[in-house]
Amino acid sequence: MTAFPAIELTVYPYDCDAFGHLNQAALLTLLERARWDALARGPGMDLFDRNGVWPAVRKTTIEYKAPVFARDVVRVETTVLNRGTTSMTLHHVVRRVADETVAAEADIVFVCIDRLGRATPLPDEIARFLGPRSGGSDAPLRVPSGGVELAVDVRGDGVPVMFVHGFPFDRTVWRHQLATLSRARRIAADLRGVGGSGGPPLPVPSPDRYSLAQYANDLVAVLDAVGVRDVVWCGLSMGGYIIFEVVRRHPERVKALILAGTKADADSSEVKRGRDELAALAERDGPDAVVERLLPRLLGPATRAAQPEVTTQVRDMGRRWSVPALVGAQRVMRDRPDSTETLRGVRVPTLVLVGSDDEVAPPVAARAMAQLIPGAQFHVVPAAGHLAPLEQPLATGRLVADFLSLLR
Ligand code: MLT
């Protein structure tokens, strides 16, 4: 959960300029008041005083987006963008409560100073209050969940989108979308045991620590950590299966769905047998063997012929899975329920997309899935196999951006 609760404040006539607009100085005052109110509701307004330090503002960047008038009520939402050793950056979003319009966004960098004005490390109590720390602007956030720490990328502002990767990939499968969807707040986590995320603790790294419920809860913990309530869930293949579980367990966290290369039905007994074989292969020969077994079915013929770097990336992503994570994920998928009824009950905007040459979740299965969801859009991405976001990033990005532009 973000350390700072959202705070609602009324704009007074004396906060406004001659045109009746909230003026710049008053906006800064409102942000400051919101921060003190948040402390008052949490650890207390003396949090800094009692630790012998002070948060000095070092830099403020504000983007004004829409006017606010006297008597408007604004809501200030605050998240911790970065926490360093001696500094922290807070991100404020100011919304007009009446119509949810974003009026302004501000990033404020604070340095923790001692009584002599020297930069000093954030005391433990304050660091705990601020929550997870990132090691730098490009380093992933570390979010604790269910006994592990997850690696999470958070980029940009706008409608929040949580990207969920499939098997055996990691959050970099979304690298084009993370780099380009500039009007969205892009959030992408490595699943437990994958890439930069830790696996369940030793001494026994048991695959039983993997379940659809645990994957779903991990991702909701990420939303809590970055201070977002509901998001657009964008999942690829197994990422879709996990999102179906989020829809069942946490429907209040779902603003919209983007389902890529995934399907609603459970596995046939033949597919289940194949999963057991793949799990045994992982235990015997490790991640490389798993990727080599899967590769021929993952990429479309056009990608295999013209984009060798995509094949290289798939191999790299597979190598970043631990063996327990490979085995655990295969068991989770083998035992997953049929999601037909879940999807019939979906009442949020949905985009379904699939590569024209997807052999794992063929267009016919993706279309059938789209038909279960009232009002869902359905698109086939030409010249792509199972990994449309990576194989055809431009076409996929355009579909996703158009869909997001329809959401507020
Ligand atoms: C995936 O891409 O996540 C997997 O291929 C899904 C599956 O094996 O059903």
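Trainee: How far does a backbone N or O atom of methionine 238 lie from an oxygen atom of the ligand?
Mentor: This is a predicted model, in which local features need pLDDT of at least 70 and side-chain atom pairs count only at pLDDT 80 or more, while totals for chains, interfaces and linings use all residues. Residues are numbered from 1 along each chain as its sequence is written, and side-chain values use heavy atoms, with hydrogens and water left out. Met238 is among the residues around the ligand, that is, one of its heavy atoms lies within 4 Å of the ligand. The distance from the backbone atom of methionine 238 to the ligand oxygen is 2.9 Å.

Trainee: Which residue has a polar side-chain atom 2.9 Å from an oxygen atom of the ligand?
Mentor: The residues around the ligand include Phe167, Ser237, Lys263, Arg275 and His386. Phenylalanine 167 uses a backbone N or O atom, which lies 2.7 Å from a ligand oxygen. The residue with a polar side-chain atom at 2.9 Å from a ligand oxygen is serine 237.

Trainee: Which residues have the most contacts inside the largest nonpolar core?
Mentor: A nonpolar core is a set of buried Ala, Val, Leu, Ile, Met, Phe, Trp, Tyr and Cys residues joined through side-chain atoms within 4.5 Å, where buried means under 20% relative accessible area, exposed over 50% and partly exposed in between (1.4 Å probe, protein chains only). Phenylalanine 167 has contacts (heavy atoms within 4.5 Å) with residues including Met238, Trp321 and Met333, leaving aside its neighbours within four places in sequence. Within the largest core, which has 57 residues, those with the most contacts are Met162, Phe167, Trp233 and Met238.

Trainee: What is the relative accessible area of aspartate 37?
Mentor: Aspartate 37 is found in helix H1 (residues 24-41), and it touches Ile7 and Leu9, not counting residues up to four places away in sequence. Aspartate 37 is partly exposed because its relative accessible area is 26%.

Note on methods: Polar contact = N/O pair within 3.5 Å; in protein donor to acceptor, adjacent residues only side chain to side chain. Helix = DSSP H or I, 4+ residues; strand = E, 2+ residues; numbered from the N terminus.
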